[in-house]
Amino acid sequence: MAEVYAAGAPRLTDAVQVAVDEVRRTFPDLSVKAEPDGQGGVYVVIRDVDVGNLYTEPSTWLGFHISYLYPGSDVYPHYVRPDLARADGAAHGPGLSATTWAFGATSALQVSRRSNRWDPRVDTAALKALKVLAWLKDPA
Amino acid sequence: MMSRVDRWTLVAEERHWRELTDHLFPGDHDEHGAVLLAGIASGREGLRLLVRDVLLARDDRDYVPGERGYRALAPSFIAGAVRRARDEGWAYLAAHNHGGSDSVAFSSVDLASHERGYPALQQISGKPVGGLVLATQAVAGDLWLVDGSRAALDSARILGRNIRSLSPRRSQSTDAAAELFDRQARLFGAAGQRRMSSMRVAVVGLGGAGSMAAEMLVRVGVGELVLIDPDRVESSNVPRVVGSSTSDVAPTLRRRRFPWRRSAAASMLKVDIAERAARFTGMATRVQTLPVNVSHPDAVSALSLCDWIVLAADSHEARNLVNAVVHGFLIPAVQVGVKVPVDPASGVVGEVFAVARRVLPSSGCLWCNGLIDPTELQLEVTGEEGRRARAYVGADAPAPSVITLNGLAVSHALTDLMLASNGLLADPDHEAPEAAFARFLPRSNRFYMDEPRRDRNCAFCGDHAESLRAKGREARLPVPLVTEPDPPRRGRSSSLPWRRETP
């Protein structure tokens with residue numbers, strides 16, 4: 001269920017608002033929290049995202065920051081729950097590292113998947129979230 | 001409501017001006033017509049109209065025998081152009097030609113037609129409307145503003161390989177340049193030296209390259225400098241920052257022992273060092289210092305009022321913002337930088353290069369040429385979050401930097417700026433781009449002029465309706481949304497040139 005912005009909350013840029021709407025359409029059955037960053041961008045957290053059977057936990061939250069420069073700027077990095085561990089006991093490979101997400105000073109795993117060919121006319125925050133989730137399910 | 005103005009300037013890309021003049025002066029010595037659609041921006045003195053598009057009136061169909069004058073734009077052509085001006089938010093400028101070369105003025109028939117037609121056109125479009133009359137080397141203009149006032153064109157600035165200035169009457173002044181500038185005025189001419197003294201140039205980033213650029217611009221006689229950099233000098237900067245000394249750096253020990261006195265013991269701002277160096281010369285250049293980030297409202301406002309921008313900051317945020325100002329306000333820029341690749345493990349030095357990239361609205365867009373990294377942009381503008389994320393791939397090690405390498409890029413960039421501003425760049429012997437990227441490889445003793453790419457679908461320089469090009473005060477610039485800007489720390493107060501967003 002989508003959350004509603006508080007009255008008087010800082011506005012988002014038009015492009016960021018479109019991105020948030022697209023994220024909500026892409027994950028229609030999940031809770032999508034969108035918190036304005038005060039500059040026109042937004043922090044997004046999608047709850048209870050399925051990550052397959054590679055991990056001990058079947059789901060995680062997925063967080064990311066869409067900045068006021070979007071779509072000129074990449075959406076990078078992404079964050080997931082800090083206790084996400086591989087079911088086979090193996091350590092996480094490159095691309096996953098423990099950190100603290102500045103948004104809410106949240107302990108998290110940072111998912112580092114930069115888009116070297118990010119194209120503002122094609123790439124979107126929702127597509128990037130789907131790509132990150134696909135990689136989480138199969139990081140090989 | 002627009003404030004009253006009594007003068008205005010026109011800014012056009014060379015390709016648009018060439019399209020217009022090729023149409024008006026085909027060699028038949030007859031009269032022809034066209035309409036220019038133009039964005040609107042504030043200028044230092046009056047308005048600036050920024051040519052976005054040229055609509056050519058076809059002879060005998062769109063430009064027809066007139067009832068009162070020799071010829072006139074056909075009502076159907078005018079209606080189409082005014083509708084587009086209204087729908088897309090452009091000023092409407094009807095253009096035609098007279099004979100002659102070095103001076104031009106409207107005829108009484110022209111002026112009477114303006115008085116009959118322009119009030120109605122202005123009511124339809126809701127924007128300024130006006131007329132231009134051209135001779136081959138002169139242009140005059142009559143602009144009707146939305147507050148009912150009327151203003152004459154001061155000059156037109158044509159942005160190409162050379163930056164040309166046209167006015168209703170070509171200046172015939174034979175005044176000599178001041179003795180101070182005698183040697184360089186022998187190259188630029190007295191008129192060229194006066195042109196330099198009327199120029200306002202911004203330098204973004206006052207590190208090794210920017211401080212050198214500021215020093216050269218002062219000594220060459222530029223009238224006004226806008227210096228933008230929030231940083232303070234560090235000891236490792238002194239070997240490169242022109243005008244700095246070790247005494248400008250706060251002693252580390254003192255800062256450690258008396259942290260509560262940090263502000264009193266702070267190192268000097270880089271913009272203040274550059275201003276001090278300018279004052280030291282005793283020359284007349286006025287200097288405005290802005291110790292703020294480039295996306296701060298005061299910096300953006302100041303940039304939008306400049307004649308040139310020297311981009312000497314190495315951040316992608318600065319590249320993105322300056323690139324947007326170039327295209328939104330039709331202001332030429334040159335980006336300078338040096339790259340010294342050194343393998344961190346082996347210490348092996350790779351191919352060192354220094355670049356000076358001219359950025360014009362028609363050529364050299366930093367986005368089109370892959371010079372703005374979307375991921376780096378994200379990391380730079382997300383503050384602490386970005387710094388932590390970057391730490392994953394390893395802490396940023398200071399990049400190698402040497403004053404002589406900065407000199408290669410800056411010297412070329414400012415030579416290009418001065419020659420272009422005075423019409424002294426030679427015509428290329430082939431179809432060359434108006435902007436080019438100079439690249440020096442000092443280890444190989446090689447020098448290249450790279451031809452920039454241009455993507456017609458680009459959000460900044462593209463030809464589609466949504467692109468930022470020439471939108472002036474309607475341009476949505478890549479800056480944080482603000483409700484109320486911080487009060488300026490120094491310099492005059494400024495109005496925001498972009499559409500303000502309020503919650």
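Across the interface of chain A and chain B, 4 salt bridges are found, a salt bridge being a side-chain nitrogen of Lys or Arg within 4 Å of a carboxyl oxygen of Asp or Glu. The structure is a predicted model, in which local features need pLDDT of at least 70 and side-chain atom pairs count only at pLDDT 80 or more, while totals for chains, interfaces and linings use all residues. Residues are numbered from 1 along each chain as its sequence is written, chains are lettered from A in the order in which they are written, and side-chain values use heavy atoms, with hydrogens and water left out.

**The interface**

- One salt bridge joins the side chains of Asp14(A) and Arg476(B), at 2.9 Å from N to O.
- Chain A brings 34 residues to the contact and chain B brings 28 residues, where contact means heavy atoms within 4.5 Å.
- About 2,400 Å² is buried between the two chains, and carbon and sulfur atoms give 52% of this area; buried area is the accessible area (1.4 Å probe) that two parts lose on being put together, summed over both.
- Of the area that chain A buries against chain B, Arg11(A), Tyr68(A) and Leu69(A) supply 23%, more than any other three residues.

- Tyr92(B) stands opposite Val129(B) of strand 7.
- Strand 8 (residues 138–144) pairs with strand 7 in the antiparallel sense over 7 bridges, and these two strands form a hairpin with 2 residues between them.
- Leu134(B) has Val139(B) of strand 8 as its bridge partner.

**An open sheet in chain B**

- In chain B, 8 strands form an open sheet with mixed pairing, in the order 13-12-11-14-15-16-17-18.
- Strand 13 (286–290) and strand 18 (446–450) are the edge strands, each pairing on one side only.
- Strand 17 (residues 437–441) pairs with strand 18 in the antiparallel sense over 5 bridges, and Phe440(B) has Phe447(B) of strand 18 as its bridge partner.

Definitions and conventions
Pairing = 2+ DSSP bridges. Helix = DSSP H or I, 4+ residues; strand = E, 2+ residues; numbered from the N terminus.
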